[in-house]
Amino acid sequence: MNQQTFEVLGFYKILEEIESFAKTNLAKETIGKLRPMQDKRRIEQSIKEIDEAVKILQISSSVPIHTLDEMSLYLNQAKKGIYIRADQFPFVISFLDHCTKLKQFMRDKGYAAPNVSLYVQSIPDVRELTEEIARCIRHGNVDDYASSDLAYLRRQLSILTERVKEKANQLVKSKKYAGYLQDKIVSERSGHLTLSVKREYRTKIQGSVLDTSASGATVFIEPSELSDMQGEIDAMKLAEEYEVERILYELTEKLLDEEEAIHLAIETMHYYDVLFAKAKYCRVIDANPPILTEDYTIYLKEARHPMLGEKAVPLSISFGEEHRALVITGPNTGGKTVTLKTIGLLTMMAQSGLLIPAKAGSKIAIFQHVFVDIGDGQSIEQNLSTFSSRLVNIIDILRTTNDRSLVLLDELGSGTDPGEGMALAIVILEQLYQKGATLFATTHYSEMKEFADQTEGFLNGTMEFDIETLRPTYKLLLGQSGRSQAFEIASKLGLHPKLIEKAHQITYKTHRNFHHGQHLNDADFQQQIVINKYARTSVTKRTADLPSSKVPIFEQGDNVILTETNEVGIVYQGPDAQGRYVVQVRQEKRTVNHKRLKLYIKGTELYPEDYDFDIIFKSKEYRKINKQQKRKYVEDVWLEEE
């Protein structure tokens with residue numbers, strides 16, 4: 001399936017919706033890579049799992065899924081010989097705790113999800129590791145009782161710290177230093193207790209200057225009486241740090257001992273995250289498991305386009321048993337394109353192992369390819385017209401299509417001359433059918449409806465239109481060919497029945513009565529058909545023999561635009577019996593059909609009434625000979641028409 005199919009049908013948007021329900025980045029990445037499959041057993045297994053996951057969510061939506069990214073990072077960190085910090089271990093504890101909770105959560109879900117509930121058994125029992133880490137780590141720090149040595153060191157450290165504080169407070173209050181102090185407050189600088197000493201007395205107190213006030217008036221001195229005690233505290237702190245690191249290394253080693261178990265837990269958690277994200281999305285769109293067919297039959301019961309939500313009108317269709325190509329007609333905005341997109345998108349969703357938004361019992365066929373040609377594929381970079389770019393796409397479809405292809409074509413043959421476009425559309429449909437493809441095509445061409453009626457394997461369908469409300473119902477009716485409803489709408493809006501009947505005769509070559517009990521003598525109707533006796537009726541001789549009065553009348557000297565080349569020319573003569581004019585473009589005379597000419601400037605606005613047009617249309621030599629022959633006979637000279 002090509003990139004265009006995914007984009008046009010909105011498959012990537014469906015994946016984005018599913019991703020929003022995933023809790024882990026790893027699961028989001030996995031969902032983003034989801035693509036349609038062809039293996040029926042794999043697809044059915046995925047559908048079965050999601051269906052079971054939906055049933056679990058109906059029992060309880062609080063599935064204990066934990067984020068995974070940090071856990072993988074910490075394992076890699078540990079394998080490099082770097083211990084896991086104390087503030088990182090709470091995440092590890094949380095993950096391991098969720099593994100246990102997930103096993104407990106699935107323990108009583110076997111009756112609703114016999115397969116999905118078993119996957120959790122692959123997670124080994126990690127409660128012992130969890131308890132050990134939780135014993136040693138509290139609130140992001142190594143607990144005092146993580147080891148007996150750490151408990152002793154911290155207890156001694158606390159005692160020494162209290163002694164230093166008591167000694168510092170004694171010095172502040174002593175008469176020995178009272179006259180030298182700026183204030184009687186013990187300050188801490190770089191973890192050491194200091195006295196606030198006036199700058200001029202700093203030599204009076206033995207000790208180390210650890211800091212100075214911003215003004216410089218005060219120096220903060222650690223007295224020698226405290227320095228010995230502080231040294232003992234520093235040594236005790238180093239011992240404490242060493243013991244903390246030893247404990248963290250030990251816990252990290254224990255975690256690495258369970259690396260295989262943790263990887264299994266990560267994989268299982270990741271699998272559940274992806275599965276329940278799919279299940280949550282399927283619940284939101286009210287999806288059901290489809291039945292997969294390999295005979296290319298499709299049966300959709302009240303299917304809805306998932307992106308339309310509550311606005312979607314249910315689509316029901318049973319197709320493929322007797323026919324392989326459906327030609328859908330109907331008015332614009334009647335739902336033809338949405339029908340194609342719904343069939344295509346639901347096929348891709350089902351083949352991706354997802355449930356589909358349709359009633360239970362709906363069937364979806366498995367295809368190797370899904371090709372689409374929907375909408376305007378105009379490429380500015382390649383300077384292709386709408387018709388050209390779509391034709392390039394269709395040519396590519398013709399190259400690749402086989403008997404396992406689903407092809408969706410919207411308004412095939414549009415964007416060019418109606419006659420040629422219709423012929424191309426029929427030929428392309430016929431060729432795709434002969435290649436064995438399953439076809440769904442929309443059209444406005446009545447000839448394609450007739451082709452579908454007369455060709456074996458083809459079926460007509462139409463989008464229903466409510467003529468009373470002048471609104472489409474968006475319902476697909478099989479076995480019927482629809483019309484644009486233009487005549488019915490015109491009648492409903494009050495166009496005179498005689499005009500509608502005449503138009504119907506021109507279009508379908510049959511008479512149809514559009515009189516529906518209206519009072520045709522009403523002024524509204526009469527004003528539409530009253531003849532203006534003052535209307536201009538003069539027609540030049542040149543158009544008298546033409547079969548249609550629709551041929552525009554151009555006069556010699558009129559400036560016209562050649563619509564095919566956008567060149568400006570001057571009308572020389574015409575029209576002939578086929579409605580063609582001779583137009584001079586620069587120094588060249590061309591014969592151009594009136595349909596390809598558009599009036600630019602009337603000749604009467606450019607030239608006087610008695611203007612000699614030979615000046616424009618004849619050569620200088622021609623005019624010279626013509627002038628001579630008008631005065632007298634000139635021997636051996638012939639005047640040839642230019």
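This is a predicted model: local features need pLDDT of at least 70, side-chain atom pairs count only at pLDDT 80 or more; totals for chains, interfaces and linings use all residues.

Colleague: How many helices and strands does the protein have?

Modeller: The protein comes to 20 helices and 21 strands; these are DSSP runs numbered from the N terminus, helices being H or I of at least four residues and strands E of at least two.

Colleague: And what share of the residues is buried?

Modeller: Of the 642 residues, 43% are buried. Buried means under 20% relative accessible area, exposed means over 50%, and partly exposed lies in between, with a 1.4 Å probe and protein chains only.

Colleague: Which residues have the most contacts inside the largest nonpolar core?

Modeller: They are Phe95, Ile137 and Phe440, in a core of 100 residues. Helix α11 (residues 259–284) gives the most to this core, with 12 residues. A nonpolar core here is a set of buried Ala, Val, Leu, Ile, Met, Phe, Trp, Tyr and Cys residues joined through side-chain atoms within 4.5 Å. A second, separate core has 23 residues, including Ile397, Leu439, Tyr445 and Met448.

Colleague: What does Phe95 touch?

Modeller: Leaving aside neighbours within four places in sequence, Phe95 is in contact with His66, Thr67, Leu68, Met71, Ile262, Ala265, Ile266 and Met269. Contact means heavy atoms within 4.5 Å.

Colleague: Changing topic, how many disulfides are there?

Modeller: The structure holds 0 disulfides, a disulfide being a pair of cysteine sulfur atoms within 2.5 Å.

Colleague: Is Cys99 buried or exposed?

Modeller: Cys99 is buried, because its relative accessible area is 1%. Cys282 also counts as buried, at 2%.

Colleague: Where is Ala146, and what does it touch?

Modeller: Ala146 is in the loop between β2 (141–142) and α8, and its 9% relative accessibility makes it buried. Not counting residues up to four places away in sequence, Ala146 touches Arg135, Cys136 and Ile247. Ala146 and Leu248 are 102 residues apart in sequence, yet their C-alpha atoms are 9.9 Å apart.

Colleague: Where is Arg155?

Modeller: Arg155 is in helix α8 (residues 148–173). Arg155 counts as partly exposed because its relative accessibility is 48%.

Terms used
Residues are numbered from 1 along each chain as its sequence is written. Side-chain values use heavy atoms; hydrogens and water are left out.
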